[in-house]
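Good morning, colleagues. Please have the sequence and the structure in view while I speak.

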Amino acid sequence: MYRNTSTPADDNGCGWFHLSPPRTPRPAHSGRSKARWVVLGAGFTGLAAARQLAAKYPHDQILLIEGQQVGFGASGRNSGFAIDLPHDIGAADYIGDLATARMNLKLNHLAQGLIRGLVAEHAIDCQLRPDGKYQAAVEDKGLAVLAAYRSGLDKLDQPYEMIDARDVPAHLGVSFYRQALYTPGTLLLQPAALARGLADSLPANVTLYEHTIITSLEQGEQITLRHAHGEIVADQLLLCNNAFASHFGFLPGRLLPIFTYASMTRPLTEDEQARLGGESTWGIIPADPFGSTLRRTPDQRLLVRNSFSFNANGQAQQRHLDRAARQHRESFERRFPMLPQLPFDYTWGGSMCLSRNHLSFFGSLAPRVHAALCCNGLGITRGTATGTLLANWLAGERDELSDFLLNSAGPNRNPPEPLLSLGVNLNLNWGQRRAGLEA
């Protein structure tokens, strides 16, 4: 038996969640239930896995278990980029090995197709727009990253546009950046609204339980999940809960819950929109991985995301949130001097599941326990693709993508505590300082 050593506990400041269309959460589980299939975690990975299992096994009941509300956790707290291109932050050109990059491109295209189809089929109001993304730089080292990324895109034969400093304001409104590289394939969306819409359009043979925190997991001829008000017995368990999987004894010492933080303004007035100029919506990712991500949303709010912390228990901490809010204000004022002291309506944190070698886990962890874990910062696309492919694989279907995932070496081992926390936080702090004006 494994007793859960940590439970989800996100802050209540996520703008995406509070601004998404209202929905009624599904009831928490109580009593005793049995099912052939149980999926733990109703983020993008778990939602995709449960949906696909329901399609492959239409006569089976699938139980989907979420510890918080759908869209309140990590899936609803990212910046809303469904990126098509490989995004290997461990490679100088963000592309890395070409054969691997081409497979990741196929995974991302699979996910984008699934998302587009489901949004259209179920009329999910999640501000989905094919706006592409800008990768922007202000310092010399950032310009060097864009040059390297450009060469990687050439090798991968992917389209892009280089935008010089004089032309940046026409696109983004700001004159802060010295250069930007635009790639057209990224989808921008409202992540919490997408997650909640996907939850409310699940097939009839999927039962979703929210606010159900699993406290222990027992392996035997079946898998028994216990919580404060009952238990769930599964023939087959799918773990789609990212770093929290390690708190049940799986992949111990291999997953890193790294928190990043965002603030979102109130809507811009018409006068403020005119002062800003540029395109009406856009998304910017930084040349430096420790820099600032930005969004201009369809409802004319501005989002800035930067700052990092390693929270080993996967739970939010107010001191990190307060520090990040101060950094957001500094970063915002540098970029938007035409909008001085525009107030933030929301500030929040959210976790990414990373590994030191930037690899994910896909496959079986133990008899009757299977998983798709560790999206390494690409939760929307990677989670959607791997959740779907995991269900296909369990249904006996294999293709080049599932074989690619199954053949991965998976996340490597971390140093032991307390060296891990000390080392990761020192590296994060140093990376943020080294980012300079990119932050």
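Ile258 is the residue with which I begin: in this predicted model, its relative accessibility is 4%, so it counts as buried, the cut-off being under 20%. Ile258 belongs to strand 13, which covers residues 256–265. What is Ile258 in contact with, once its neighbours within four places in sequence are left aside? The partners are Phe308, Ser309, Phe310, Gly350, Ser351, Met352, Leu354, Val424 and Leu428. Asn376 lies 118 residues from Ile258 along the chain, and the C-alpha atoms of the two are separated by 9.7 Å.

In soluble globular proteins, nonpolar side chains tend to be buried together. In this model the largest nonpolar core has 45 residues, and those touching the most other members are Val39, Leu47, Leu53, Ile62, Leu64, Leu194 and Leu238. Two or more residues come from each of several elements: strand 2 (31–40), helix 2 (44–56), strand 3 (62–65), helix 3 (98–122), helix 6 (191–199), strand 9 (206–209), helix 9 (379–394) and helix 10 (400–406). Which element gives the most to this core? That is helix 9, with 7 residues.

Beyond residues up to four places away in sequence, Val39 touches Gly46, Ala50, Leu53, Ile62, Leu63, Leu64, Ile65, Leu238 and Cys240. There is also a second, separate core of 27 residues, with Tyr209, Ile232, Ala366 and Leu373 among them.

Finally, I consider the packing of helix 2 with helix 9. Two packed helices are described by the angle between their axes and the distance between the axes. Here the axes come within 7 Å and cross at roughly 30°. Helix 2 is therefore roughly parallel to helix 9, as angles under 35 degrees count as such. The crossing of these two helices is right-handed.

From helix 2, the residues involved are Phe44, Thr45, Ala48, Ala49, Gln52, Leu53 and Lys56; they meet Gly379, Ile380, Gly383, Thr384, Thr386, Gly387, Thr388, Ala391 and Asn392 in helix 9. By class, this contact comprises 6 nonpolar, 9 polar and 1 charged residues.

Conventions. Residues numbered from 1 in each chain as written. Predicted model: local features only at pLDDT ≥ 70, side-chain atom pairs only at ≥ 80, totals over all residues. Heavy atoms only, no water. Core = buried A, V, L, I, M, F, W, Y, C linked by side-chain atoms within 4.5 Å. Buried < 20%, exposed > 50% of the residue type's maximum accessible area, 1.4 Å probe, protein only. Helix = DSSP H or I, 4+ residues; strand = E, 2+ residues; numbered from the N terminus. Contact = heavy atoms within 4.5 Å. Axes fitted to C-alpha atoms, helices over the stretch in contact; angles between N-to-C directions. Parallel < 35°, antiparallel > 145°, perpendicular 65-115°, else oblique. Left-handed = near helix turned anticlockwise from the far one by under 90°. Nonpolar A, V, L, I, M, F, W, Y, C, P; charged D, E, K, R; others polar.
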